[in-house]
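Subject: Structure for your review

Dear colleague,

Please find the structure below, handed over for your own work. A summary of what was found in it comes after.

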Amino acid sequence: MPKHLFLNLSTTLRHCPPHVRRYYRINKTHILQRMSHPSLTKLPFSSSSSTKTGFVGWYLRKLESYPVITKSITSSLIYTAADFTSQMITLSSSASYDLKRTSRMAIYGLLFLGPSQHMWFNFLSKVLPKRDVNTTLKKIFMGQAVFGPISNTVFFSYNGALQGDSGPEIIARLKRDLLPTLLGGAVFWPVCDFVTFRFIAVHLQPLMNSSCAYVWTIYLTYMANRNLTEA
């Protein structure tokens with residue numbers, strides 16, 4: 001409710017019968033909370049499962065009923081598709097498709113990225129609930145400074161361990177690949193994050209993030225699966 005309409009309502013209610021004014025006093029706090037809390041207002045890209053049919057409605061209902069599992073499976077499928085695309089682009093004519101590599105990416109999306117995105121976006125919505133430009137920029141900075149380094153470190157370490165790398169080899173891989181990946185992410189992610197934090201409802205933010213991650217993961221899986229001898 002716009003503030004000027006609320007003020008007009010307050011003026012009008014002064015002339016109403018006592019029982020109406022008593023009801024207004026009880027609900028005034030609730031109305032003000034809805035006005036001031038961004039998560040309670042309708043966003044341009046917010047969705048309600050009750051108004052959607054078909055696959056979209058089914059997916060939104062799953063997000064409401066099983067948010068972590070749904071986001072985890074979604075991330076897993078996106079990582080699977082991204083690694084498949086990455087291999088199709090980089091695979092030489094003499095090489096065969098690496099199904100184990102795709103499986104590693106799918107498991108990473110399922111067990112780490114999906115749950116961590118769920119917790120991260122909900123955490124940001126609580127500590128920084130507003131959606132103005134200044135708050136959005138703070139969220140983008142936190143993503144680049146906190147979530148990005150942690151998730152990429154886990155990704156490269158996890159992938160190296162499953163490839164059979166030793167501890168020193170994983171450290172060498174991180175020294176070689178982590179900083180270039182973070183610098184590339186600093187170019188790619190801010191635009192995606194701005195749209196996500198500014199316009200997308202919190203429960204849909206991991207989906208938006210994972211959709212952007214499809215393009216990013218094509219690059220990321222290539223970086224993670226380079227041999228240590230490659231420059």
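This is a predicted model: local features need pLDDT of at least 70, side-chain atom pairs count only at pLDDT 80 or more; totals for chains, interfaces and linings use all residues.

All values quoted here are computed from it.

Overall fold

The protein chain has eight helices and zero strands, so that the order of elements from the N terminus reads α-α-α-α-α-α-α-α. Of the 231 residues in the chain, 39% are buried. Among contacts with a separation of 6 or more, 71% are between residues 24 or more positions apart.

Cavities

The search returned two cavities of 30 Å³ or more. The largest cavity holds about 330 Å³ of space. Its lining consists of 23 residues, and those closest to its centre are Phe 147, Gly 148, Ser 151, Trp 189 and Asn 209. Four helices each supply at least two lining residues: α5 (99–127), α6 (133–162), α7 (167–199) and α8 (205–224). Which helix gives the largest share of this lining? That helix is α6, with seven residues. Sorted by class, the lining has 13 nonpolar, nine polar and one charged residues.

Largest pocket

The largest pocket has a volume of about 180 Å³. Its lining is formed by Phe 55, Trp 58, Tyr 59, Lys 62, Tyr 66, Ile 69, Thr 70, Ile 73, Thr 74 and Leu 77. Helices α3 (54–65) and α4 (67–90) each supply at least two of the lining residues, and the largest share, five residues, comes from α4. By class, seven of the lining residues are nonpolar, two are polar and one is charged.

In soluble globular proteins, nonpolar side chains tend to be buried together. In this model the largest nonpolar core has 23 residues, and those with the most contacts inside it are Tyr 79, Tyr 108, Phe 155, Phe 156, Trp 189 and Leu 220. Helices α5, α6, α7 and α8 each supply at least two residues of this core. Apart from this core lies another, of five residues, including Leu 60, Leu 63, Ile 200 and Leu 204.

Leaving out residues up to four places away in sequence, Leu 220 touches Tyr 79, Asn 152, Phe 155, Phe 156 and Thr 181. Leu 113 is found in helix α5 and counts as buried because its relative accessibility is 5%, under the 20% limit. Beyond its neighbours within four places in sequence, Leu 113 is in contact with Ser 75, Tyr 79, Tyr 108 and Phe 147. The C-alpha atoms of Leu 113 and Ser 210 are separated by 9.1 Å, although these residues are 97 residues apart along the chain.

Aromatic pairs

The structure holds 15 aromatic pairs. One of these joins Trp 120 and Phe 123; this pair is tilted, at 5.9 Å centre to centre and 35° between the planes. Both residues lie in helix α5, three residues apart, which is about one turn of the helix. Are Trp 120 and Phe 123 buried or partly exposed? Trp 120 counts as buried, at 11% relative accessibility, whereas Phe 123 counts as partly exposed, at 39%.

A further pair, formed by Phe 155 and Phe 156, is edge-to-face, with 5.7 Å centre to centre and 70° between the planes. Phe 155 is buried, with a relative accessible area of 0%, and Phe 156 is buried as well, at 1% relative accessibility. These two residues also belong to one aromatic cluster, formed by Tyr 79, Tyr 108, Phe 112, Phe 155, Phe 156 and Tyr 158.

An exposed phenylalanine

Phe 141 is found in helix α6. Is this residue buried or exposed? Phe 141 counts as exposed because its relative accessibility is 59%, over the 50% limit.

With kind regards

Definitions and conventions. Residues are numbered from 1 along each chain as its sequence is written. Side-chain values use heavy atoms; hydrogens and water are left out. On a 1 Å grid over the protein atoms alone, a cavity is a set of points where a 1.4 Å probe fits but cannot get out, and a pocket is an open set with protein on both sides within 12 Å along at least five of seven lines; lining residues have an atom within 4 Å of a point. Grid points are joined across faces, edges and corners, and a volume is the space filled by probe spheres set on the points. Ala, Val, Leu, Ile, Met, Phe, Trp, Tyr, Cys and Pro count as nonpolar, Asp, Glu, Lys and Arg as charged, and the others, Gly among them, as polar. A nonpolar core is a set of buried Ala, Val, Leu, Ile, Met, Phe, Trp, Tyr and Cys residues joined through side-chain atoms within 4.5 Å. Buried means under 20% relative accessible area, exposed over 50%, partly exposed in between (1.4 Å probe, protein chains only). Contact means heavy atoms within 4.5 Å. Rings of Phe, Tyr and Trp (its six-membered ring) pair if their centres lie within 6.5 Å; planes under 30 degrees apart count as stacked, over 60 as edge-to-face and the rest as tilted.
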